[in-house]
Amino acid sequence: MGLELGKRHEWVLQSEIRNMSIECDRIGGINLSQGVCDTEVPLEVRVGAREAIEEGVNTYTRYDGLSEIRVAIAAKQYAFAKMKVDPENEIIVSAGATGALYCACLALLNPEDEVIVFEPYYGYHVSTLIATQARPVYVRMEPPDWTFSPDDLERAVSTRTRAIILNSPANPSGKVFSLRELEVLAGLASRHDLFVFTDEIYEHFVYGENGHIPIATLPGMRERTITISGLSKTFSITGWRIGYCLCDARWARPIGYFNDLIYVCAPAPLQLGVARGLMSLDSRYYSSLADIYRVKRDKICQALSRGGFRPHVPEGAYYVLADISSVPGRNGKERAMKILNNLKVACVPGEAFYHAEGGDNLARFCFAKDDLVLEEACRRIESSQWK
Ligand code: PLP
């Protein structure tokens, strides 16, 4: 047998988001394909991390994170969700929300277990399931409100189903699940005794009437819910890799052991920077974040409409899925490439968010951009010839 790649490499093929970013760099376009926020990191967070390095906080931390950040996360979760979390036993600080979900899947799922995923989905969720040998089972959400049918959901359950992945506010649709919808999910999870992995990384990016409701706060849901979040988006620190999961101590410990195995710990001084930021920023920081991003959302949605694309105005997160069927092409990829080549703006073709048929009339535009860059992107989109 010659040298060859292991079978697992097929599970992590080049993502369409990375492809579009590479194409975008090649032609020097504006990259609205990737969710990298280039808004400013709060001063308290930057100073906190800088001082932590100078103070010598540069070695491994406890496998579940420094006590300062666990205490700060527990305080924030209580302040925003009235959810009591024990910082000593119920929090695992990991390498981003991505690391937290990966460790949770390793600790709580068996190979061949089925996990329900809402479609359009965030690709990492599906790739994480596949890489950990679980099987995604899809339930479609339909525009314009990205609603799902409780019957579809019930039909997706089999004897192998072990969990549901929820993402609210959602990437890419911007959907914020309502209390009624969360109750349907909670009912299903309780009836079939399922875990709920809930990715709440966009918890502070909410613009519409539906506020963010952590599903763990619904009656009976605390024990079965693994709440995953992080500061990548809230503090614009995607490269720092600080995220966490909150869950019952029974699950937290094994999740933490996988975190230790894979990452050892999240970056020590950056944990402290985040802890200091969490402790010193008050609720005005978080509400102003939503105000700032609501203006960006309105700007890009208006530009997309003027450019002949039909945006599905998001209630949360910082992406817009827009109907780009006015652009000629056989599929979303061809349309997205035409948009890139003609307007010098990169977006992600909709197929990237569907497992089979679907999304070929859609593209995702990220609006987590500095105002000047976003304005230039909007000017280009408005100048489209496909009106
Ligand atoms: N979850 C969702 C839904 C995302 O959209 C992203 C980033 O785009 C992440 C998680 C990544 O979070 P982190 O940087 O904390 O790993």
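**A lysine and the sheet beyond it**

Guide: Residues up to four places away in sequence being set aside, K175 touches M141, D145, W146, T147, S168, P169, A170 and E181. The model is a predicted one, and every value below is computed from it. K175 sits in the loop that joins strand 5 to helix 7, the latter spanning residues 179-191. Is this lysine buried or exposed? Its relative accessibility is 5%, and the limit for a buried residue is under 20%, so K175 counts as buried.

Seven strands make up an open sheet with mixed pairing, and their order is 2-8-7-6-5-3-4. Strand 2 (91-94) and strand 4 (135-140) are the edge strands; each has a single partner, so one side of each lacks a neighbour in the sheet. On average, neighbouring strands are turned by 20 degrees against each other, direction being ignored.

Strand 3 (114-119) pairs with strand 5 in the parallel sense, over four bridges. In this pairing I116 stands opposite I164 of strand 5. Strand 3 also runs parallel to strand 4, to which six bridges join it, and here V115 faces P136 of strand 4. Why can strand 3 be called largely enclosed by the rest of the structure? Six of its six residues are buried, and therefore the description applies. In a regular strand, side chains alternate between the two faces of the sheet. In strand 3 both faces are covered: E114, I116 and F118 are buried on one side, and V115, V117 and E119 are buried on the other.

Helix 5 (residues 123-131) is the helical part of a right-handed β-α-β unit formed with strand 3 and strand 4. Helix 5 lies across strand 3, strand 4, strand 5 and strand 6, and it runs at about 150 degrees to strand 4. Its buried residues are H125, V126, T128, L129 and A131. An α-helix has 3.6 residues a turn, so residues three or four places apart point the same way. The cover over the buried residues of helix 5 includes helix 4, strand 3, strand 4, strand 5 and strand 6. Just after helix 5, Q133 adopts a positive phi of about 70 degrees.

Helix 4 (residues 96-108) lies across strand 2, strand 5 (161-167), strand 6 (195-199), strand 7 and strand 8. With strand 7, helix 4 makes an angle of about 160 degrees. Strand 7 (residues 225-230) and strand 8 (residues 243-246) are an antiparallel pair held over four bridges, and G230 stands opposite G243 of strand 8. Strand 8 is also joined to strand 2 by four bridges, again in the antiparallel sense. There, S94 is the residue that stands opposite G243.

Neighbours within four places in sequence left aside, I91 is in contact with D64, R70, I73, A74, V85, D86, Y244, C245 and L246. The C-alpha atom of I91 is separated by 8.4 Å from that of G65, which is 26 residues away along the chain.

The last topic is the ligand. Which residues are closest to the ligand? Of the 13 residues that surround the ligand, the closest are T98, D199, Y202, S232 and R241. Several side chains come within polar-contact distance of ligand oxygen atoms. An N or O atom in the side chain of T98 is 2.5 Å from an oxygen atom of the ligand. For the side chain of Y202, the corresponding separation from a ligand oxygen atom is 2.7 Å. For the side chain of N171, an N or O atom is 2.8 Å from an oxygen atom of the ligand.

Terms used. Residues numbered from 1 in each chain as written. Predicted model: local features only at pLDDT ≥ 70, side-chain atom pairs only at ≥ 80, totals over all residues. Heavy atoms only, no water. Pairing = 2+ DSSP bridges. Helix = DSSP H or I, 4+ residues; strand = E, 2+ residues; numbered from the N terminus. Axes fitted to C-alpha atoms, helices over the stretch in contact; angles between N-to-C directions. Contact = heavy atoms within 4.5 Å. Buried < 20%, exposed > 50% of the residue type's maximum accessible area, 1.4 Å probe, protein only. Right-handed = clockwise from strand over helix to strand, strands pointing away. Near = heavy atom within 4 Å. Polar contact = N/O pair within 3.5 Å; in protein donor to acceptor, adjacent residues only side chain to side chain.
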